[in-house]
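Me: Could we go through the packing of this protein together, ring pairs and cavities included? Here is the model.

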Amino acid sequence: MNLFFSKISVLIAVLLLFNSCGIKPSMEHRPDILGIETIDTTRTKLSKTHYKIGKNSLYRNKHGIWELYIEGDALERGVIGGSLTRELMHKQETAFMEKIYELVPNTGYRNFLKKTVAWFNRKLYLHVPEEYKQEIYGTSLFGLEKYDDFAPAYIRMLYFHGAHDIGHALQDLMLVGCTSFAAWDNKTEDGQLLLGRNFDFYAGDEFAEEKIAAFVNPDNGHRFMMYTWAGMIGSVSGLNEKGISVTLNAGKSKIPLQAKTPISLVAREILQYASSTEEAIAIAKKREVFVSESIMVGSAKEQKAILIEVAPGKLGVYEVENSNKLICSNHFQSEAYAEDSRNLKAKTESHSQYRFDKMQELLAEKDKLNPQKAADILRNKEGLDGVSLGFGNEKAINQLLAHHGIIFKPEEKKVWVSANPYQLGTFVAYDLDSAFKKFEEGNVTKSVMLNEQNIGADPFLNSEAYKDYEKYRKLSQELTHAISKGKEISEAKIKTLKSLNPHFWEVYKISGDYYFQQQDYKKAVINFKQAKRREVTTLPDEEYLDKMIKKSYRKI
């Protein structure tokens with residue numbers, strides 16, 4: 001299922017994301033940009049894959065990952081980062097904006113929605129630290145002018161940072177089904193802290209094509225590395241020079257009525273300014289968020305990981321006792337949420353508890369974890385007890401839609417990030433100390449990765465099963481679109497769909513929907529029942545199948 005760009009969720013999500021159109025932003029939206037005209041934006045192009053501005057650089061390694069280094073104050077980082085990554089940023093913007101125009105072709109309706117969502121984000125700027133507004137403003141100077149009629153570049157970029165928040169809030173629905181873990185002591189090969197996570201945020205194939213390993217050397221705070229995309233100064237996965245790692249896992253949220261601090265900017269602030277879990281908690285406490293989120297924080301010097309569970313008006317901290325591992329999916333575990341009805345509903349109705357249990361199972365099976373074993377866990381596509389889920393099932397740890405997988409060894413200040421596609425490509429290794437040393441010397445002419453420590457691509461990537469899955473993705477989107485338009489579909493295509501991904505329940509749900517629409521109720525019942533025999537993703541999905549079976553029987 002194309003989660004982010006599924007009909008209604010993309011319509012609302014993206015328009016909420018890039019709002020403020022038709023309303024001119026007041027000057028109080030804008031940060032202090034004194035001295036911006038003195039910043040050198042002249043980019044030297046050394047090759048098609050290598051650019052420099054002073055010591056700042058952008059280089060594309062052989063695995064397709066862009067390695068970005070930026071330094072200086074907020075305005076400098078923003079302007080220079082925007083200049084270096086301009087083409088990549090344009091690609092990200094275009095991916096979003098073209099989808100808007102595709103889904104909302106009517107100009108009048110689009111303008112109506114723009115004005116409505118402008119109200120939603122009317123006070124967002126009050127909840128973004130001045131430093132980050134300056135950095136976003138600098139980046140926005142390189143936004144595409146052709147979208148200025150939709151919203152000025154700075155306003156677009158400012159609200160771009162709410163993508164993660166808006167996306168999973170609307171996927172009550174469950175857009176972001178991330179799974180993460182931490183292990184230490186006698187659970188790891190060397191006793192050191194080891195963390196891994198999948199960032200299952202899907203915003204379309206084009207959105208995930210150009211990934212950036214960004215190394216940031218700010219004038220204030222700690223140096224840090226984060227895995228991100230062009231135009232994004234917030235963090236969803238990162239590690240700083242003090243050995244603090246940060247990852248995000250969405251929680252169950254109600255649809256917000258007003259934007260506050262985007263969670264990616266809270267995570268960024270922790271990366272830049274925290275050197276302990278206590279400092280991370282203090283940063284999270286001082287920010288008002290507008291969605292529910294688990295922030296997993298690993299600490300090298302404390303040799304442990306914790307969960308900071310934030311929601312509008314509530315914060316809880318979860319730590320394990322007498323254990324050597326911590327697991328996080330998409331429900332909260334701290335006392336603060338023990339009786340929270342929304343959280344309890346998430347555990348009952350979503351796939352969060354299933355993935356949590358699967359991660360427990362995988363960690364129990366694998367002893368003495370190391371980065372290779374961590375990658376194996378993140379790539380696992382099976383259900384509990386080895387049950388076949390079909391490919392693309394959100395009950396899997398590897399849902400085959402992740403923007404990236406990432407592994408941390410905070411005590412050694414090492415990180416492994418996955419190359420395309422999903423988390424199946426090579427996990428590329430970096431050492432923060434050696435990388436920053438090379439960047440600061442200003443003579444980087446090649447990748448700063450630790451080539452000898454890379455983790456090889458998943459063998460699944462070269463299998464017929466993978467090729468079939470990619471064919472399935474395209475065909476399922478084609479058929480789902482045809483059903484929505486009431487078009488006829490050949491029996492051959494339905495047969496092909498089933499042959500490409502036979503163990504996935506959604507294959508039969510799509511087929512059942514088609515036959516029901518065509519008033520072939522007997523075939524509809526057969527397919528809905530076939531779907532029920534597979535591992536159905538959520539309780540609402542099961543209820544839908546039951547409802548459609550009853551409706552079909554009544555029509556026969």
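Me: Is phenylalanine 460 buried or exposed?
Reply: This is a predicted model, where local features need pLDDT of at least 70, side-chain atom pairs count only at pLDDT 80 or more, and totals for chains, interfaces and linings use all residues. Residues are numbered from 1 along each chain as its sequence is written, and side-chain values use heavy atoms, with hydrogens and water left out. Buried means under 20% relative accessible area, exposed over 50% and partly exposed in between (1.4 Å probe, protein chains only). Because its relative accessibility is 10%, phenylalanine 460 counts as buried.

Me: Thanks! Which kind of aromatic pair do phenylalanine 460 and tyrosine 466 form?
Reply: Rings of Phe, Tyr and Trp (its six-membered ring) pair if their centres lie within 6.5 Å; planes under 30 degrees apart are stacked, over 60 edge-to-face and the rest tilted. Tyrosine 466, at 14% relative accessibility, counts as buried. With 5.8 Å centre to centre and 80° between the planes, phenylalanine 460 and tyrosine 466 form a pair that is edge-to-face.

Me: Why is the pair of tyrosine 472 and phenylalanine 504 edge-to-face?
Reply: Both tyrosine 472 and phenylalanine 504 are buried. Their ring centres are 6.1 Å apart, and the pair is edge-to-face because the planes stand at 75°.

Me: Which residues do ring pairs link into a cluster?
Reply: By this rule there are 17 aromatic pairs. Ring pairs join into one cluster Phe391, Phe460, Tyr466, Tyr469, Tyr472, Phe504 and Trp505.

Me: Now the voids: what is the volume of the largest cavity?
Reply: On a 1 Å grid over the protein atoms alone, a cavity is a set of points where a 1.4 Å probe fits but cannot get out, and lining residues have an atom within 4 Å of a point. Grid points are joined across faces, edges and corners, and a volume is the space filled by probe spheres set on the points. The count comes to four cavities of 30 Å³ or more. For the largest cavity, the volume is about 160 Å³.

Me: Which residues of its lining lie nearest the centre of the largest cavity?
Reply: By class, this lining has ten nonpolar, seven polar and three charged residues; Ala, Val, Leu, Ile, Met, Phe, Trp, Tyr, Cys and Pro count as nonpolar, Asp, Glu, Lys and Arg as charged, and the others, Gly among them, as polar. Of the 20 lining residues, those nearest the centre are Leu68, Ile70, Gly231, Met232 and Ile233.

Conventions
On a 1 Å grid over the protein atoms alone, a cavity is a set of points where a 1.4 Å probe fits but cannot get out, and a pocket is an open set with protein on both sides within 12 Å along at least five of seven lines; lining residues have an atom within 4 Å of a point.
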